[in-house]
Amino acid sequence: MTDAPLVLGIETSCDETGVALVRGRTLLADAVASSVDEQARFGGVVPEVASRAHLESFDATLDRALDEAGVSLADVDAVAVTSGPGLVGALLVGVSAAEALSVALDRPLYGVNHLAAHVAVDRLVHGDIPEPAIALLVSGGHTSLLRVNDVTLDVSPLGATLDDAAGEAFDKVARLLGLPFPGGPHIDRVARGGDPASIDFPRGLTTARDDDEHRLDFSFSGLKTAVSRWIRSAQDDGRHVPVADVAAAFQEAVADVLVTKALRACADSGIGTLVVGGGVAANSRLRTMLEDRAAHLDVRIPPPSLCTDNGAMVAALGAALVERGRAPSSPGIGADSSMPVGEIIATPARGGLHRGAAGIVEG
């Protein structure tokens, strides 16, 4: 699609500053600057640190993306930016930059939903997403099952976490095991040397009595507590804590729940396509389990570099919106820290920049 519009995507919802350029379904550049090393000193994401890091790195990240794509700002046909959900201060950095670029270049602006963007990025790898599809989004802030009838217009929640997100549980368990932040990659690495069957950790909301009210919902707080109690019990008894075994057993429990619920959503709806996204989708055990247990489905998982937060996912959704003729956002969209997943495109903010009133806009 060499004649397709060139879309600039900007992502600053948490601790990654992402800027990318997409033409149609082709990713031309994906530049990311992360503040994870700064956040690691605090054992988690500090919103003020993240916001300042975005401010400091945005210009250089934008320049890198333009250089990598071999284009200039004048070549850009539309600007897309994450409007929510996320950390409000971090979001405002990206939204402010995108609005300024939109005005300066006289190009349409699309304030988009972060969760829908995690689904849309799959277009860059596997082509058009079959409609409808089921999406499993797993990250540090979100664990959700979605029905995607149209990623530019109609995305509805089927289930979500009632407490900790899966990625948040990885971070907390990593801290219990003395592993660095962020916990996901370190638990994944250490677990390869452990026995996942060595400890039988609980699978939240998977019993028969959970079927009626929480059939497609998640809960990882109890699992995290069970890991904490197991470690404390071992220490109180003077036993060595087998870090690799604990990591492997914990990871197995998380992956088992995620796959079980995702397969259940596909079976209940009769939908044969499962799109998986979010940072935890980079986990090797989750990927392997999906290969083993979901072979009867069309399972679409982007490479790990496109699972974590990045500008490519925002540009991909922006390109899809342009392609389908959806109307752009109006000026003053603001940042909506709790933007519902069903609201794909942001509309102007009401009552200031800190929370935009989001809504679906159809062209």
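Let's start with Gln-251, which is found in helix H10 (helices, H or I, of at least four residues, and strands, E, of at least two, are DSSP runs numbered from the N terminus). This is a predicted model, where local features need pLDDT of at least 70 and side-chain atom pairs count only at pLDDT 80 or more, while totals for chains, interfaces and linings use all residues. Residues are numbered from 1 along each chain as its sequence is written, and side-chain values use heavy atoms, leaving out hydrogens and water.

With a relative accessible area of 6%, Gln-251 is buried (under 20% with a 1.4 Å probe, protein chains only). Leaving aside neighbours within four places in sequence, Gln-251 is in contact with residues including Phe-170, Ile-187, Asp-188 and Asn-283 (contact means heavy atoms within 4.5 Å).

## Helix H7

Ile-187 and Asp-188 are also among the buried residues of helix H7 (residues 183-191). The buried residues of H7 pack against helix H6 (166-176), helix H10 (243-269) and helix H11 (284-293).

## Strand E5

Five of the five residues of strand E5 (residues 109-113) are buried, so the strand is largely enclosed by the rest of the structure. Leu-109, Gly-111 and Asn-113 point one way, and Tyr-110 and Val-112 the other. Asn-113 is the bridge partner of Gly-84.

## Confidence

The protein chain has an average pLDDT of 93, and 95% of the residues score at least 70 (pLDDT is the predictor's confidence in each residue, from 0 to 100). Over residues 350-363, however, the pLDDT is below 50. Where pLDDT is low, the predicted coordinates should not be read in detail.

Conventions
Buried < 20%, exposed > 50% of the residue type's maximum accessible area, 1.4 Å probe, protein only. Pairing = 2+ DSSP bridges.
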